[in-house]
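Here are a few notes to read alongside the model.

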Amino acid sequence: VAAATVLGGGSGGAPGPAGSIGRKAGVVVSSVVRDGMAWRAGVRPGDLVLATSATVGQKMWPKTTLEGIRSAISSRGVMSSSIKMQLQRSVTTASTADDVAAASAAAAPSTSAAAISKDITEFELTLSRPLGINVEDGPDGYVIVTALNETASSPSNDISAVGIGDRIVAVDSSLGNQMWPVSNVAGLVSACTSRLPGQTVSLRFERVELADDDERDGGAAAGGVPYATATAVGSEAPSSSLQPANLAAVRAEGAQTRQALLSRCRDVLQKYTAQYKAQEVTPKVLLTVADKIVAALADSSVSPDAATLNLLMNAYVTCGKAEDAIRTFEASTGVSADGSSRPTDTVIESKTKPDYRIMPNLSALNLYTATNLLRAHSSRRDGFAARRVLAAMEGREDVVVNGIRAASWPRGGESVGDEDAAAAAAAAGKSDNWVTDTRCYNIVLAAASKMKSSSGLKIASDIFDSMVDPKMSKEEWAASAAGRPFRDAVTYNSMIAAYGRAGRIQDAMDMFRALKSCGLEPDKFTYTSLIKAKVESGDVDDAKSILDSMESKGVEADVFAYNSVIKGLCDKYRWYEAKELVTEMEWNGVRPDSYTYGMLMNGLIKAGKPGPALTLFETACADPRTINIAQNVQIYTTAVTAASMMGDHARALGLVSRMVGSGVKPNLKTFTSLMGGCLSSGKTSYALDIFGKISEPDGYALELGIRAFCDSGDFASATSLLTEQRDGRREMSGKQIMSSYDYTISSALKQRNYQVARDALTELINSGYIPSKKTFRAIIDALSLVPKRGQMRPQLTDDNRGEAEGAFDFMIFVLDSMEQRKLPVVGAFYAAVLFEGSRAGGLRKKVASLIAESKLSAAGGKRIDVSEAIECADEERCVGWEDILTNYQTLEGKGIALPLVRVKSDERSIRAVLTAEQKVSYGRRRRRRAAV
């Protein structure tokens, strides 16, 4: 059997596809293999597939897409050898198998005379509430008009054009001119009742009529178009027919199952959300519950209603998973979460059932789900998206944010997805009240404030200016500002915070005074916002003064206010004042939290005082009042970092053991801090063991791992990690990769493994990186070319001659490598090459003197008096310094062009450069060509 998805028949008298009923969407049989199993069961082209067997059991589930039918067949085939399919055929008579075959032939394209066609008339009416129209959910997925009550209708309405049996297919947006399709009574009632007082409703109707009078008469006796169905069970013949009442029962059964699943999901979410608020479960537990419910909805191909979606999004946002909340919103509603009109392709698919997924349903969009979407954007500091969503909620298609125009969303309400609630609201004449309130505006303010940019501040200012002054009377508001929300204390607090983050302290103070002038009382959040603004500007003393004034104003300071001042003091390295403030807050009954101790310890570490940081940690652990505060991963990790800075790896390992014993799980930063301590103490094997326990290392962990491999002499593993990062796996930043190459070269040279150092430098340059001053300094230090202050380099003997010659040979390899990229070397390295050549003597001193003759000061450094640059002509053989050293006798006297040496010197290296050149000078003048 071949099938195709159709969107229904034509309109205006055009016949639709064979087997379609009006413009009903569904899957129509396009061809059947003659004498095949389906043919013998009575299936014919033009039949409409209504339902298929459930995966397990005898229930039938409605189907409207090819994807759904394919999924049903594949999943049923795993559990059973047969599948039932309910099909619908539009015919004049169809009571026997012969009649079915005849009707199928009549529906064939070659026999158009017997085909049944229907005229679909479409019209629109604009009505006022109450409408006076009774509707029901039809068996074919339409909203059907069942009765007209002109006495209950508004006097301004003319519903005489509406007939019983007409279908309502679309309703206009409460804001804007867009028509939104409706497929059930609940969605229609919600769309109609979410209007502002006096606002009209535009409805789009469809009327289906038989095109031929004789066919219309034949169908009228049965009250409409009769249905013929065939049920295929393996190779069995048709055994039953599905009348419209049976089809309605199947759909009603599916709706009941859906409602039961959603009700259970809401109960579970409400239970665990309440437990989370009571601190009975952790955020991880609540997040796991939300993930499992989303998976269950996808496994059942269910569309979540607004109440379920609201609880899911709230759980994700509460647990800090804003991205998951946004993804769930898009998959459930089918609209773009950034507030634009772009189509969304977000799909949450089942992980166990192919082709099963959460089905989008526009009725899941209401005030509460949209507000949670605003919270998600605020959590992500995305003021642009939050502003567009607010405009979409208000139907403001004229708003353009960051170059993207906002959409106009249909207005929903509390009862969306709940047919009983929607019907009750409609009966009581109540609106579902989708009106953006002060909370929505405040969330957008907070999102824009967190952006910490001029664009974010502009959005915040515009939102603030659009809100109504609290001093405005209700009469004035109704006359000139109806629909715009009033500002409250949270509004002013958010603007104070926004100005503080932007460094506009005077504007923040003006906003504070404006809050008091409009009759609002500053609360602890107001003062905390002002304190943060002062701290952001660096005025810690004023911040302390505001904190002190809170007590005189009768406002009780909380831990957030104290922590803001403590942070400012730590940033200013005023540790003793910060510690005194901690004592003061304890005296005032405000208990320090983990953030308080974390700031103090981090401040001491930044000041280079890891010992006092550890003392503070141990003090907190020994005090029964603060021991619970210290039992978290951030505080322990800071303590491990302090021990590592002291080079005390044993203490660092002991802290991790205490951490695990207390039930605190180490994180990545804990492991990297511990690795750093082990490497500082020379415990390379411990560092490698710790690195092996990190499943997903970040860039810093990889950098430490490379150091550990180099220190242990395992250069193959170190270079393998670097190559992976260079070739695409970029957990490491460019700075970290460069630093790791420097460390690899330095470690190899310290161990006199010149080949590894050569390979690392070659890979570094070929990867597009430019050796820096740190690279050359690492080479000089690793080769011990510069003695420590007050010391002399040892005299060259037969024992250390090979080491000196190897160092010189490596350095001229560096010169050749740099010249291949036309890159200069720093003056200190150039001088070191000459000094080492002079020290080695013999042939190497001769080569060093030639290097001095070929030097060219690079632009940007201080120029040294040099002769004309010596270049290698295109027709000549260009040699490198290693070639000259190796083949000196062969090249001697042939007058070859010397390689160019580019040097960038500064004032600090100029003396060393001149001294080194004198060391290798043979008293001859520079020449264009040196006779080697």
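**Notes on the predicted model**

1. Confidence comes first: the mean pLDDT (the predictor's confidence in each residue, from 0 to 100) is 77 for the protein, and 78% of the residues score at least 70. As this is a predicted model, local features need pLDDT of at least 70 and side-chain atom pairs count only at pLDDT 80 or more, while totals for chains, interfaces and linings use all residues. Residues are numbered from 1 along each chain as its sequence is written, and side-chain values use heavy atoms, with hydrogens and water left out.

2. Please take care with two stretches. Over residues 91-117 the pLDDT stays under 50, and the model has 31 contacts (heavy atoms within 4.5 Å) beyond four places in sequence for them. Residues 857-871 also stay under 50, with 32 contacts beyond four places in sequence.

3. Now to the interior. A nonpolar core here is a set of buried Ala, Val, Leu, Ile, Met, Phe, Trp, Tyr and Cys residues joined through side-chain atoms within 4.5 Å; buried means under 20% relative accessible area, exposed over 50%, and partly exposed in between (1.4 Å probe, protein chains only). The largest such core has 199 residues, of which Trp409, Phe810, Phe829, Ile851 and Trp881 touch the most other members. Helix H34 (residues 801-820) contributes the most to this core, namely nine residues; helices are DSSP runs (H or I, at least four residues), numbered from the N terminus.

4. Trp881 is worth a look. Leaving aside residues up to four places away in sequence, its contacts include Ile812, Leu815, Val847, Leu850 and Ile851, as well as Asp816 and Ser854.

5. On charges, the structure holds 27 salt bridges, each a side-chain nitrogen of Lys or Arg within 4 Å of a carboxyl oxygen of Asp or Glu. Asp781 pairs with Arg777, their closest N and O atoms being 3.5 Å apart. These two are four residues apart in helix H33 (residues 773-782), so about one helical turn separates them. Asp781 is partly exposed at 44% relative accessible area, and Arg777 is partly exposed at 38%.

6. Arg839 and Glu836 form a salt bridge too, with the closest N and O atoms 3.3 Å apart. They lie three residues apart in helix H35 (residues 827-840), about one helical turn. Arg839 counts as partly exposed at 22% relative accessibility, whereas Glu836 is buried at 1%. Elsewhere, salt bridges that share partners link Asp541, Lys544, Arg574 and Glu577 into one network.
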